[in-house]
Amino acid sequence: MAQIDRLVRFMAKALALLGGVILLALVATTTLSIVGRSLNSIGHSEIVATYLPFLAAPLQWFRPITGDFELVEAGVAFAIMAFLPWCQIEQGHAKVEVLTGFLPATANRWLALLWEAVFCAAYLLIAWRLIVGTNDKLRYGETSFMLQFPVWWGYATVSAAAVLACIVAIWSFILHAREAAGHRHIRAATSRVN
Amino acid sequence: MDSLTIGYLSLPVLLALIFMRMPIGLAMLVVGLGGTMVVTGGPNVVLAKLKNETYSTFSSYSLSIVPLFLLMGQFATLGGMSTALFRAAETWLGHRRGGVAMASVGACAGFGAICGSSLATAATMGQVALPQLKKHGYPGGLATATLAAGGTLGILIPPSVVLVIYAIITEQNIAKLFVAAAVPGLLAVIGYMFTIAIMMRFSPSSAQLRQRIPYRERLKALAEIWRVLLIFALVIGGIYLGWFTPTEAAAVGAAGTCIIAWFAGGLSRTTFTDAILSTASTTAMIFFIILGAAFFNSFLALTRVPQELSSTILELGFSPLTILIVILCLYLIFGCFMDSLSMILLTVPIFFPIISMLDFGLTPEETAIWFGILVLIVVEVGLITPPVGMNLFVINAMDPATRMLDTYRAVLPFIASDILRTCLLVAFPGITLFLMRWLY
């Protein structure tokens, strides 16, 4: 059990870090695009044309990155789906904790188990429909406006991350079931890592 | 049963699920999907919608500003800017009675100018300021309450993740909302400092006083925070001047704070990984709520609840001011239990149509911006209201010597200052709007 737990956690963490790398890549793309756009417009400005004409051509060589916002849209969709399993395994979802104090610990554990079950169902539904959606986009051959890359690429990466999210959600459910059944927390034995 | 009844019934069901500790995003998702199935009489509409809705919600260009601002805040915490901010504020204010606490508020405000989240602001400034407050003999409750309240400046002072979400839901201009938030944010800083001064006067404490520091050193400490000013000017100035879109500004801010953290030596493999994972967790939490809210709100729209509810309330004939005050009070009550983004995503689609039909003597856009700032403030108060105030938990956990109850008690004057400021802003919309009117 502990080995599976480590594996699932490693997977969730690796996926979240991959999403983070994509997010950083989007930061870099967007920033470079802005730099390119600024240099280009300086190259076209009157000041350069009047006083520094020799700079105009090299500055005008710079360009914003074409379709950078399409990359942002596709990239951020993947990053968010990649972040979700980590949030799931880390118990990061927002909830209202008023009732917790009034219920006995066992009731709280069963309630938590119930919501984990609903989470599993939701993730399975989301992943299934995303895969169907990917197939649709593949069949219609839809492409993005500026870059003309097939829209199904973006859908496929998000679907893949959603499938991993299902696995993590199911594992999280199993962990909660163990706890509800009175077993010790699986990571209580090992040191808790944040 | 007609769809309107189903729509109305869904609201208590949703609240019941949320209070039974169902994660808020999940509850909205389930009620939204379930409700749509009931209203459309089968799963087909829901299944067809689900094919695209998840991807289109996550791939929104305007919403991508959220993870970017969160990333920026994470890098800002690693850049050593919190220490510089605290030192700068401390050299100017530290010799006064309650000065170190006031300096903490000032430093929080400075950090809020480069960080769009309250929890990150509270946690980061807590690490720097809490030991200093203890060292200078401030009572534990005052120290933790000051930082919890100061942390709320993270979202009050632009950039602000909550304001971004509000802007997207209500289709308002983010730049104008940021400009409008500036003066109320400064009022919050002044209000908190007054609160500290009054608390220090009425409760005798062992807080020590120190000598004034010569202006030369003060200016030197102030010069140390140029990085913060640079990032703030670049991000907010860039949006305002139209150099870049808000999303681009957030990307530039993330890149800038990343470079600063790199040069400050704050980026090791561990801190970098932690920053990414922390961004990941918060982003995922927010977007799961956004996804749930998307399904829930399209279900509500299907049942026409927002329109019907607003016309029903208008027919009751209460004055616009009464309705506004009731709504703000509801936020204060909800804020005792719920986090700020969930509240915004859950309630703004219902309350905003009501507010936009009322006549406050302002243009529709001004009303929307004014209401946005008011909601921002009352929602932010929720972060420091007992029993469930996230900032209180975060700061109290950093100081094991202070009891939760002491923090609860000491934060009450800060809440009073927040409520006083809200009243002021409700009574005089001009305070919020004049800067925006002047600049645009």
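Biologist: How many salt bridges are there between chain A and chain B?

Modeller: Keep in mind that this is a predicted model. One pair to look at is B:Glu248 with A:Arg37, whose closest N and O atoms are 3.1 Å apart. That lies within the 4 Å that a salt bridge needs, and the pair is part of a count between chain A and chain B of two salt bridges.

Biologist: Which helix of chain A supplies the largest share of the side that touches chain B?

Modeller: Helix 1 (2–43), helix 4 (68–89), helix 5 (105–140) and helix 6 (151–180) of chain A each give at least two residues to that side. The largest share is 16 residues, and it comes from helix 5 of chain A.

Biologist: How many nonpolar residues does the side of chain A that touches chain B have?

Modeller: Let's start with the contact itself: 53 residues of chain A meet 54 residues of chain B. About 4800 Å² is buried between the two chains, and carbon and sulfur atoms give 78% of that area. Sorted by class, the chain A side has nine charged residues, 10 polar ones and, for the class you asked about, 34 nonpolar.

Key. Residues numbered from 1 in each chain as written. Chains lettered and ligands numbered in written order. Predicted model: local features only at pLDDT ≥ 70, side-chain atom pairs only at ≥ 80, totals over all residues. Heavy atoms only, no water. Contact = heavy atoms within 4.5 Å. Buried area = accessible area lost by both parts, 1.4 Å probe. Salt bridge = Lys/Arg side-chain N within 4 Å of Asp/Glu carboxyl O. Helix = DSSP H or I, 4+ residues; strand = E, 2+ residues; numbered from the N terminus. Nonpolar A, V, L, I, M, F, W, Y, C, P; charged D, E, K, R; others polar.
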